[in-house]
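This briefing goes through selected features of the structure shown below, beginning with a helix residue and its contact and then turning to the backbone, the paired positions and the ligand.

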Amino acid sequence: MGDRIITVLASGRGSDLQSILDAIGSGLLRGVEVGLVLSDVPDAYALERARKADVPAVGVPPVPKAEGGRAEHEARIEQAVLEHDAGDLLVLAGYMRVLSPRFARSWHGRVINIHPSLLPAFPGRDGPGDALEYGVSLAGCTTHFIDEGVDSGPVILQGAVPVLPDDDRASLHGRILLMEHQILPRTVDLWAQDRLQVEGRRVRVLPGDSWLNKVELIPEALYPHGF
Ligand code: GRF
């Protein structure tokens, strides 16, 4: 079987995208090609990273209401994905826009998001900041299929990292990002191996290989079943 072609959507610097490109480059993640990187921010560094990796990179800025608004924006996204034949899976990797319920329904089971908190705690724009403010002692990140809500679809993998006494938002987010860069490519890998079985809200990871002895583990972190 040929590689499956995915689209990565990113709004910012794209370190999550880079983790997928690196895992493909090192041979850890096989059977997957990033066929397109899309950003709602035309000068996002994520697009630059894509170009450096010889991956088509397209900016699709939001569309003003008078010209069709979100529906038109999403139609342009879908058109770009189809033009590049890169719609086996969409990966939201630091994509800061909420997709419409219509989009979520029509791509059901084919969109994965990564969020920098242990969902369902701290959904929304600032998971690390909200976790710090709340005073939790464990933080982390979650990959999940999207549904019609915000950060609410079935959880795939979660990784937990400690919150340290001197943490500020940046240091905590930095530690969470290390975990994101491991569980995001692993999630795509499990998907590519057809090992994600969705049963209602629960995602069962079917038996197979493990990355626990393939990557450098983060000290004091807790890895999920299936990693
Ligand atoms: C990540 O923490 C991701 O979970 C989020 O935004 C951040 C993106 O980082 N929602 P980057 O642009 O991939 O470096």
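This is a predicted model: local features need pLDDT of at least 70, side-chain atom pairs count only at pLDDT 80 or more; totals for chains, interfaces and linings use all residues.

Glu-78 is found in helix α3, which spans residues 69-83, and the side chain of this glutamate makes a polar contact of 2.8 Å with the side chain of Trp-107. Because its relative accessibility is 14%, below the 20% limit for a buried residue, Glu-78 counts as buried.

**Backbone geometry in the loops**

- The peptide bond that leads from Leu-119 to Pro-120 is cis, with an omega angle near 10 degrees, and Pro-120 itself is found in the loop between β5 (111-115) and α5 (127-134).
- Asp-85, which is found in the loop between α3 and β4 (89-92), has a phi angle near 55 degrees, a positive value in a residue other than glycine.
- With a relative accessibility of 62%, over the 50% that the class requires, Asp-85 counts as exposed.
- Asp-194 has its place in the loop between α6 and β8 (196-199), and its phi angle, near 60 degrees, is again a positive value in a residue other than glycine.

**Positions separated along the chain**

- Val-155 lies in strand β7, which covers residues 155-162, and the C-alpha atom of Val-155 is separated by 6.5 Å from that of Val-203, although the two residues are 48 residues apart along the chain.
- At 26% relative accessibility Val-155 counts as partly exposed, since this value falls between the 20% and 50% limits.
- Ala-170 counts as exposed, because its relative accessibility of 55% is over the 50% limit.

**Surroundings of the ligand**

- The residues that surround the ligand are Gly-12, Arg-13, Gly-14, Ser-15, Asp-16, Gly-94, Ile-114, Pro-116, His-173, Leu-177 and Glu-180, and by residue class this shell divides into three nonpolar, five polar and three charged residues.
- On the backbone side, a polar atom of Gly-14 is 2.9 Å from an oxygen atom of the ligand.
- Among the side chains, an N or O atom of Ser-15 is 2.5 Å from an oxygen atom of the ligand, while for Glu-180 the corresponding distance from a side-chain N or O atom to a ligand oxygen is 2.7 Å.
- Taken alone, the ligand exposes 370 Å², and the protein buries 90% of that area.
- The space that the ligand takes up is the largest pocket.
- Two or more residues of the shell come from each of the helices α1 (15-26) and α6 (169-192), and α6 gives the most, with three residues.

Terms used
Residues are numbered from 1 along each chain as its sequence is written. Side-chain values use heavy atoms; hydrogens and water are left out. A residue is near a molecule or strand if one of its heavy atoms lies within 4 Å of it. A polar contact is a pair of N or O atoms within 3.5 Å; within protein, one must be able to donate a hydrogen and the other to accept it, and residues adjacent in sequence count only if both atoms are side-chain atoms. Accessible areas come from the Shrake-Rupley method with a 1.4 Å probe; for residues, only the protein chains shown count as cover. On a 1 Å grid over the protein atoms alone, a cavity is a set of points where a 1.4 Å probe fits but cannot get out, and a pocket is an open set with protein on both sides within 12 Å along at least five of seven lines; lining residues have an atom within 4 Å of a point. A molecule sits in a cavity or pocket if more than half of its atoms lie within 2 Å of its grid points. Helices (H or I, at least four residues) and strands (E, at least two) are DSSP runs, numbered from the N terminus. Ala, Val, Leu, Ile, Met, Phe, Trp, Tyr, Cys and Pro count as nonpolar, Asp, Glu, Lys and Arg as charged, and the others, Gly among them, as polar. Buried means under 20% relative accessible area, exposed over 50%, partly exposed in between (1.4 Å probe, protein chains only).
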